[in-house]
Amino acid sequence: MTDRKRILTGIRPTGALHLGHYAGALENWLRLQKEYECYFLIADYQVSDYADDIDTVREAVFEVALDWLGVGLDPEGSHFVIESMVPEHCELALLLSWYLPLGMLQRNPTLKSELQGVSDEGNNVAFFFYPVMQAANILMPMAHLVPVGEDQLPHIEMTRELARRFNRRFGETFPEPEGMVGRFPRLVGLDGQAKMSKSLDNAIWLKDDPETVKRKVMSMYTDPTRLRATDPGHVEGNPVFMYHDAFNPDVAEVDDLKERYRAGRVGDVEVKQKLAAALNAFLDPIRERRAAFAAKPERVKEALAEGSRQGKARAEQTMALVRERMRLEYLK
Ligand code: TRP
């Protein structure tokens with residue numbers, strides 16, 4: 001075991017990953033993977049809304065792993081863990097829930113908004129319980145830092161509270177984990193309406209081919225008040241410029257486009273063409289690495305098997321300690 005501080009973070013395996021995942025979280029994971037000991041979790045216990053579609057989940061486990069490898073996460077230095085290969089998560093979640101007032105879970109703003117609009121008959125208990133499972137994920141390797149998308153922060157706040165309660169009752173056991181969000185915590189979708197997501201069909205996927213990226217960019221929502229290229233345009237709140245800011249490293253080009261856009265001296269087509277070029281330059285090496293791993297599925301499986309084995313070893317240690325602290329070892 002190393003003495004580096006630890007990261008635990010994760011993603012639900014419901015499909016491949018998009019630019020919003022990258023700007024909101026993955027970018028931080030990449031930046032921090034050498035500095036911290038990292039546990040990257042494929043959170044398949046959290047797919048209770050896909051309970052009747054496990055084929056999608058099975059496929060997505062590999063899609064997520066390929067996207068991780070594609071962006072450059074390194075399974076030699078970090079642990080790629082499949083959550084259900086570490087069933088200790090269930091045990092810790094249940095034990096933590098002893099000390100979690102129902103009201104605290106009911107007040108969790110992210111959970112609240114996710115439950116809204118679905119009847120109590122339409123939601124399952126596992127969905128309601130997922131923030132507790134997430135707290136168990138984070139506390140299991142005694143993580144210090146949790147780089148995530150913005151919507152996950154209430155879960156980290158709850159995890160901190162659970163760690164404090166456990167420590168107060170049973171002695172210092174868990175570090176209080178900090179949350180961290182990316183440069184662009186909520187990247188808008190291609191339609192400019194909401195955050196990028198699969199269900200809204202407004203995403204650019206990390207694995208999209210160059211032609212697809214171009215087509216999607218050219219049909220992006222832009223400044224609706226602008227009818228001609230000579231009309232002064234709005235840069236702020238314009239998704240095309242948000243993506244330029246997030247993914248075009250040529251700051252001088254972006255500044256020049258913004259200035260001309262505001263003055264009515266550049267058309268949307270040029271701004272979009274330059275964005276498509278920047279995105280494709282960004283995605284090229286990701287696509288290349290991803291394809292190389294996709295051609296060697298055994299290596300991907302090996303990474304997941306080894307990471308899960310290490311996650312399990314760590315979990316066994318934590319649970320031994322937790323049971324001892326809680327005095328659950330009745331026969332000892
Ligand atoms: N709930 C997270 C999401 O939907 C995924 C997740 C599961 C997670 N376990 C986690 C994130 C632990 C951070 C830490 O994106």
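Start by selecting Arg 327, which is found in the segment after α12 (297-326); helices are DSSP runs of H or I with at least four residues and strands are runs of E with at least two, numbered from the N terminus. The model is predicted, so local features need pLDDT of at least 70 and side-chain atom pairs count only at pLDDT 80 or more, while totals for chains, interfaces and linings use all residues. Residues are numbered from 1 along each chain as its sequence is written, and side-chain values use heavy atoms, with hydrogens and water left out.

Arg 327 has phi near 60 degrees, a positive value in a residue other than glycine. Arg 327 is exposed, with a relative accessible area of 70% (exposed means over 50%, buried under 20%, partly exposed in between, with a 1.4 Å probe and protein chains only).

Next, select Met 142, in the loop between α6 and β4. Its phi is near 55 degrees, again a positive value in a residue other than glycine. Met 142 is buried, with a relative accessible area of 10%.

Now select the ligand and the residues around it. The shell draws at least two residues from each of β1 (6-11), α6 (125-139) and β4 (145-148). β1 gives the largest share, 4 residues.

Finally, show the side chains of Gln 46, Gln 134 and Gln 152. A polar side-chain atom of Gln 46 lies 3.0 Å from a nitrogen atom of the ligand. For Gln 134, the distance from a polar side-chain atom to a ligand nitrogen atom is 2.8 Å. In Gln 152, a side-chain N or O atom is 3.0 Å from a nitrogen atom of the ligand.

Technical notes. A polar contact is a pair of N or O atoms within 3.5 Å; within protein, one must be able to donate a hydrogen and the other to accept it, and residues adjacent in sequence count only if both atoms are side-chain atoms.
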